[in-house]
Amino acid sequence: MYTDLQLFIDGKWLGGEGRKGEDVVNPATGKVLAHLPHASAADLDAALAAAEKGFKLWKATTAYDRSKIMRKAADLLRERADHVSKVLVQEQGKVYPEARGEVLTSADIIDWCAEEGRRSYGRLVPGRQNGVRQLVTQEPVGVVAAFTPWNFPTLTPVRKIAGALGAGCSIIIKASEETPGACVELVKCFADAGLPAGVLNLVFGVPSTVSEHLITADAVKKISFTGSIPVGKLLAGLAAKGMKKATMELGGHSPVVVFADADPEKAADTIAAFKYRNAGQVCISPTRFYVQEQNYNKFVARFTEYAKGIKLGDGLEKGITMGPLANARRLDAMESFVNDSKDRGGKILAGGSRHGNQGFFFQPTVITDVPDDSKIMTQEPFGPLAPIVPFKTFDEVVERANSLEYGLAAYAFTSSGATATAIGDAIQSGMVGINSVAISTPETPFGGIKESGYGSEGGIEGLQAYMNTKFISQA
Ligand code: NAD
């Protein structure tokens, strides 16, 4: 029911065969699912050579033909969505409907990038003298090295793979060693759709060793990373040494602002469902909740009721609404956030501890009365914890919302058009959802500012990230 874990280099699937490796664990049970082979240094060199060859071939393929292969891969992914989703749930823990939604959205992203690649228009700029043609064109940057985490095992890889392929680049992707199976299945769709050998390569290994090997290689011209801020800074530094383009999609600490003129119960239902999605292990997860005093009690009551109604369990079982955390590290982290909150005077209105004694389950948690400088209000929890605090005025909440070095996502609820415009403008964030949590779609740019990173994935920006602009002046 799980999958055979292999590397994919130069169009060939490579298994253990004497390679080092590691076990992949089901976070709902703590049991080993399969063994994952690690790429050796020779494998990484082979992937680099394959990607260089693949780039020449793919760049020479017309955007129309590239798009046909990509769309076939998207169709295969849709056909196989049930199996891929089950693989994803077993290794990552989210509930099946969420996994299926992730896989189907991944297929939509491939379609979008396939089509957008056919529209990578340049422009003609009028010359200063007659007879001069000034052309601005877009060219694929070359070989891409991409690194993705464990929270969205197909969605994060697909943003990078489809963006790169749509732009005409080849790519080596190191997906998460903790959730490799769904990405193996994703890559199979491209291979089975007829993608030429070398255009897409999948490797696993010790993250720091693989990333250093690939980023410092001359062949690699662009880096794309999704993960934590400390690792992002490390990889951005390596990219800068080689003057290589980089996209950094890093952590967040998204503020949610609920104004007095919003419906507190409607807002609580919408944002609580979004908070506990993937057990809160989402970079754009709503993280700090500021509620204007008049709405505070009603919002807290409804939010807490929602949290208490969540059914924890194995994501493959029917009726389960939240799965386990993805690994034991997150459990320790949750305990540390909750303990700090309690030490700082916080009240736990729901949850607050581990659930059961197998797997990595943590209860959906609601915390109130925590000071703004507590750990939960300043560091990314990446888990099912929701601190809720009151505020008085617009200016005060803007200052508090903008006070951290994160700038990925933010949310606000209001029934006033003027307040919606004002908060949208005032929040320092790459994405803002106002009376909406729909801030991540294939067609729209996704990315952060401040320490949450730079560059965008998705939308037309998602392909431009893999292009160089060239100017040709022709007399
Ligand atoms: P971590 O910092 O150890 O790893 C984050 C990701 O980066 C993992 O997928 C890991 O394999 C990879 N990684 C680590 N070192 C690397 C290196 N030198 N080169 C290349 N890749 C490397 O943290 P973690 O325990 O896995 O996750 C905890 C934190 O990571 C969370 O609190 C959250 O801030 C962040 N995170 C963010 C996202 C996101 O979508 N932005 C996703 C997952 C984790």
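Which domains does the domain assignment of the chain give? The assignment gives domain 1 (7–250 + 450–474) and domain 2 (254–434), and the legends below refer to a predicted model of this chain.

**Figure 1. Overall view of the chain in the predicted model.** The secondary structure comes to 15 helices and 20 strands, and the C-alpha trace spans about 65 × 65 × 40 Å along its principal axes. For 475 residues a compact globule would have a radius of gyration near 23 Å, and because the chain has 23 Å, the two values agree. Of the 475 residues, 55% count as buried. Among contacts between residues at least 6 apart in sequence, 72% join residues at least 24 apart.

**Figure 2. The contact between domain 1 and domain 2.** The centres of the two domains, taken over C-alpha atoms, are separated by 31 Å. To the contact, domain 1 gives 19 residues and domain 2 gives 24 residues. On the side of domain 1 that touches domain 2, α3 (81–92) and α4 (96–117) each supply at least two residues, and the residues of this side divide into seven nonpolar, six polar and six charged.

**Figure 3. The shell around the ligand, with residues from domain 1 and domain 2.** The ligand is surrounded by 21 residues, of which the closest are Pro 149, Ser 211, Gly 227, Ser 228 and Cys 283. By class, the shell residues divide into ten nonpolar, eight polar and three charged.

**Figure 4. Helix α7 and the elements against which its buried residues pack.** Within α7, the residues Val 210, Ser 211, His 213, Leu 214 and Ile 215 are buried; Ser 211 is also one of the residues closest to the ligand. The packing partners of the buried residues of α7 are the helices α1 (41–59) and α8, together with the strands β7 (143–147), β8 (170–174), β9 (200–203) and β10 (220–226). In general, an α-helix has 3.6 residues a turn, so residues three or four places apart point the same way.

**Figure 5. Cys 169 in the largest nonpolar core.** This core holds 81 residues, and those that touch the most other members are Leu 77, Ile 110, Leu 165, Cys 169 and Ile 171. When residues up to four places away in sequence are not counted, Cys 169 touches Phe 55, Pro 140, Val 141, Gly 142, Val 143, Val 144, Ala 164 and Tyr 466. Apart from this core lies another, of 65 residues, and among its members are Val 95, Val 256, Ile 284 and Ile 423.

**Figure 6. Arg 80 in the loop between α2 (63–79) and α3.** Because 18 other C-beta atoms lie within 10 Å, Arg 80 is partly exposed. Residues up to four places away in sequence aside, Arg 80 touches Glu 185 and Cys 189. Val 370, by contrast, lies 290 residues from Arg 80 in sequence and 46 Å from it in space, C-alpha to C-alpha.

**Figure 7. Two residues with positive phi, Asp 369 and Asn 435.** Most residues other than glycine have a negative phi. Asp 369, although not a glycine, has a positive phi of about 60 degrees, and this residue is found in the loop between β15 (365–368) and α12 (375–378). With 16 other C-beta atoms within 10 Å, Asp 369 is partly exposed. Asn 435, likewise not a glycine, has a positive phi of about 55 degrees and is found in the loop between β18 (431–434) and β19 (453–454). Because Asn 435 has 15 C-beta neighbours inside 10 Å, Asn 435 counts as partly exposed.

**Figure 8. Thr 444 and its contacts with Gly 458 and Gly 459.** Thr 444 has its place in the loop between β18 and β19, and its 15 C-beta neighbours inside 10 Å are why Thr 444 counts as partly exposed. Leaving aside neighbours within four places in sequence, Thr 444 is in contact with Gly 458 and Gly 459. The C-alpha atoms of Thr 444 and Ser 456 are separated by 9.2 Å, with the two residues twelve apart along the chain.

Definitions and conventions:
Residues numbered from 1 in each chain as written. Predicted model: local features only at pLDDT ≥ 70, side-chain atom pairs only at ≥ 80, totals over all residues. Core = buried A, V, L, I, M, F, W, Y, C linked by C-beta atoms within 7 Å. Buried ≥ 20, exposed ≤ 12 C-beta atoms within 10 Å, placed from the backbone. Contact = placed C-beta atoms within 7 Å. Near = placed C-beta within 6 Å. Nonpolar A, V, L, I, M, F, W, Y, C, P; charged D, E, K, R; others polar. Domains from an automatic or database assignment. Helix = DSSP H or I, 4+ residues; strand = E, 2+ residues; numbered from the N terminus. Rg over C-alpha atoms; globule rule 2.2 N^0.38 Å.
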